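Thanks for opening this one with me.

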Amino acid sequence: MRMPRLNSLRANIMTVVVLASGLAVGAFTAMMCYVNMRSSVALLDSRLATFADVIGQNSTAALDFSDRKAATEILGALRREPPVVSACLYDTRGRLFSEYQRDAGVAPCPRHSGMAQTLGAEFRSVTRSVCRATDFVGTIQVTADLHDVKHRNHRMVVIALALALVSLTMAGCSGSLLQRRISTPVIQLAAAMNRVTTDGTLDARVNVEGAEEITQLADGFNRMIIELERRNELAREAESRLVEQARTDSLTGLPNRRYLGEQLEQELARVQRENSMIGLLYIDLDGFKLVNDSLGHSVGDLLLREVAKRLKSRVRLTDTLARVGGDEFTVILTGLENENDATVAANGLIQSLSRPFVIEGTEITVSASIGISTRRPSGMEDHDLLKQADSAMYAAKRSGKNRAVHFSPELGLMARERLTLETELRGAIGRGEIYVDYQPEFSISSGRLVRFEALARWRHPNLGEIPPATFIPIAEESGLIYALGEFVMEQACRECLEWQKMSSAHIQVAVNASALQFTSEMFVQEVESIIKRTGLNPELVQVELTESVMIGSLEHSAQKMKRLRSLGVTLAIDDFGTGYSCLGYLPELPFTALKIDRTFVRNLQSSSEVSTMIRSMIELGQKMGLHVIVEGIEEEAQLEIVAEMGADEVQGYLLGRPSSTPRVQYAAYLDGRRTSLNGKLSTLIGS
């Protein structure tokens with residue numbers, strides 16, 4: 001008989017059958033030997049206990065009358081029990097009274113019952129008390145060996161091995177028959193498959209007989225071939241649709257980044273031939289991340305669809321609008337006469353987004369920052385155009401968002417500088433380059449210093465002082481704002497603790513939190529953790545939030561603010577009037593203070609309209625129960641005007657510049673108050 005190859009199905013079947021049988025027989029044999037050994041030992045222990053009880057009862061008279069001869073005869077009855085090797089009878093004082101030894105020197109009796117007797121694993125021993133009625137008269141110890149038990153167990157192993165040999169022989173024969181019934185049809189199926197593979201046709205069919213499962217396999221193969229023939233036809237029809245789907249964004253239905261690359265390459269080749277101008281708009285939505293974080297990604301997806309519809313309504317049929325990822329879109333502009341045509345198109349797209357979107361009953365406002373790259377290409381590649389438009393888009397965001405900016409060589413340099421700053425900023429906190437300045441805020445009515453505002457600063461070892469207006473947007477765009485904000489808040493809270501030691505008056509610290517920080521689910525827990533970690537009274541902390549927190553869900557923002565207020569923290573709305581001002585939101589949000597931005601104060605003396613606006617904001621805030629703080633006071637005339645308008649607190653260079661040593665400022669303020677009631681402020685208030 002030809003032996004099967006080691007890696008063949010037949011060899012595997014034989015191996016599995018023999019191994020399975022062998023393992024089963026081996027496991028059964030081991031279990032039976034173990035059970036037999038345990039039961040035999042237990043039976044021997046029971047017999048020894050019976051012997052000890054019987055001999056003990058028979059030996060009471062001999063012990064009572066100190067009849068050693070009678071005791072020896074009683075113990076001698078154990079000769080009829082081959083397993084018993086010794087029996088030891090002790091009197092009431094534990095002395096050896098009589099003994100029986102089957103073989104001299106095997107398990108000898110100690111002279112006293114309290115003496116230790118060392119027995120190996122091949123012996124079993126039972127000790128019983130000898131009693132007459134309830135009186136203790138002695139002790140009997142009976143010891144036996146396991147020779148007979150092991151002998152019986154050995155016989156069982158021999159029998160089991162013989163049965164195992166027979167079982168494996170039968171398993172081998174059965175496995176041989178089984179593998180033939182399985183491998184023969186499989187070989188036929190393999191031959192049919194080889195014909196399909198080598199000939200490339202689907203006309204192969206098989207007709208095999210055997211077990212039900214084998215015939216099902218053959219039928220399944222035939223049906224598979226028929227199905228493959230049908231699917232080949234469907235695949236050819238679907239191939240074009242699959243290619244189209246691979247080039248389409250599944251969410252908005254717009255062309256995706258892949259299609260954009262193909263189309264841009266074609267357009268660049270065309271305008272190269274025609275020597276015409278091509279333009280690319282790179283669009284990034286402003287505030288979309290806040291919508292996602294506050295209202296959820298499902299609402300964000302619905303918003304993206306609506307944005308895509310509006311953008312598409314303002315794009316010409318000859319242009320290509322694509323979604324390249326997240327909240328970013330691009331438009332390829334063709335047939336441009338000059339750069340101004342691209343500007344007109346970009347402004348039209350910005351205008352299309354100016355109306356609020358209503359998503360699931362929630363009114364959402366988003367804008368767009370657009371980068372524009374236009375050129376009559378001369379060897380320019382598609383990624384160059386994208387890179388330039390992307391750089392211009394970031395410049396639009398840095399310029400205030402909701403606007404379009406053309407690419408220029410200077411912007412390319414700025415983009416490289418921004419990348420450098422982002423890289424440096426990632427390790428700035430660990431290197432000790434980030435520090436905190438503090439600017440004082442004063443009460444107009446009392447002239448008292450009420451708080452210091454904590455301001456993040458970056459001193460780079462090579463670049464020097466980097467303005468917050470430069471690195472804060474980079475931190476927000478890169479996600480570094482979370483670590484930066486947490487660092488500034490903890491430093492401010494620790495510094496605030498030191499102020500409290502200088503005077504009995506409680507001086508607050510105000511800490512700015514970006515909209516991204518606020519939308520984080522862990523923001524409230526982080527604030528609470530910092531306050532507990534530093535040990536600062538939470539009433540001495542004021543968190544300043546910009547109006548951009550209102551972009552998302554009003555209910556979600558209000559709940560988070562109420563949780564902050566429940567900690568004891570006060571809340572101020574910062575830069576009021578410069579963002580997404582919606583007065584209808586204010587009564588729903590638990591702010592305690594309102595800060596009027598410095599941009600209004602600059603024109604306070606030169607514009608009656610600005611003066612009227614500031615006065616209205618002060619009255620509005622106070623009627624809503626808010627403390628009104630006016631920022632940017634740099635001239636005495638400005639201080640006089642806002643004091644006359646009834647503002648509650650003021651802040652500005654006139655009263656104190658930001659300083660990294662607020663305790664020095666505070667000490668100077670305390671000394672000045674004792675002499676002149678804080679200089680300019682008290683003089684102006686008094687006048």
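This is a predicted model: local features need pLDDT of at least 70, side-chain atom pairs count only at pLDDT 80 or more; totals for chains, interfaces and linings use all residues.

1. Strand 1 (residues 84-90) and strand 4 (residues 135-145) are joined by six bridges in the antiparallel sense. As background, strands of a sheet pair through backbone hydrogen bonds, either parallel or antiparallel.

2. How many disulfides are there? The count comes to one, and this disulfide joins Cys88 to Cys109 with an S to S distance of 1.8 Å. The torsion about the S-S bond is about -85 degrees, so the disulfide is left-handed. Because Cys88 sits in strand 1 and Cys109 in the loop between strand 2 and strand 3, the pair ties together parts that are 21 residues apart in sequence. Both Cys88 and Cys109 are buried.

3. Two other cysteines deserve a glance. Cys131 counts as partly exposed because its relative accessibility is 26%. Cys493 takes part in no disulfide, and the nearest cysteine sulfur, that of Cys496, is 7.0 Å away. With a relative accessible area of 0%, Cys493 is buried.

4. Salt bridges come next: a search of the whole structure finds 33. One of them brings together the side chains of Lys397 and Asp284, at 2.9 Å from N to O. Lys397 belongs to helix 10 (residues 382-398) and Asp284 to strand 5, so this pair ties together parts that are 113 residues apart in sequence. Is the pair buried or exposed? Lys397 and Asp284 are both buried.

5. Which residues are linked in a network of salt bridges? They are Glu441, Arg451, Glu453, Glu544, Lys595, Glu631 and Glu649. Within this group, Arg451 forms a salt bridge with Glu441, the closest N and O atoms being 2.8 Å apart. Arg451 is in strand 13 (residues 449-460) and Glu441 in strand 12 (residues 434-443), and both residues are buried. Lys595 and Glu631 also meet in a salt bridge, at 3.4 Å from N to O. Lys595 is buried at a relative accessible area of 0%, and Glu631 counts as buried at 3%.

6. In helix 7 (residues 288-295), the buried residues include Phe288, Leu290 and Val291. Among the elements covering the buried residues of helix 7 are strand 5 (277-286), helix 8 (297-313) and helix 16 (554-567). Just after helix 7 comes Gly296, with a positive phi of about 100 degrees.

7. Last, please visit Glu495 in helix 13 (residues 481-500). Glu495 counts as buried because its relative accessibility is 12%, under the 20% cut-off. Leaving aside neighbours within four places in sequence, Glu495 is in contact with Tyr438, Pro662 and Arg663.

Conventions:
Residues are numbered from 1 along each chain as its sequence is written. Side-chain values use heavy atoms; hydrogens and water are left out. Helices (H or I, at least four residues) and strands (E, at least two) are DSSP runs, numbered from the N terminus. Buried means under 20% relative accessible area, exposed over 50%, partly exposed in between (1.4 Å probe, protein chains only). Contact means heavy atoms within 4.5 Å. Two strands pair if DSSP finds at least two bridges between them. A disulfide is a pair of cysteine sulfur atoms within 2.5 Å. A salt bridge is a side-chain nitrogen of Lys or Arg within 4 Å of a carboxyl oxygen of Asp or Glu.
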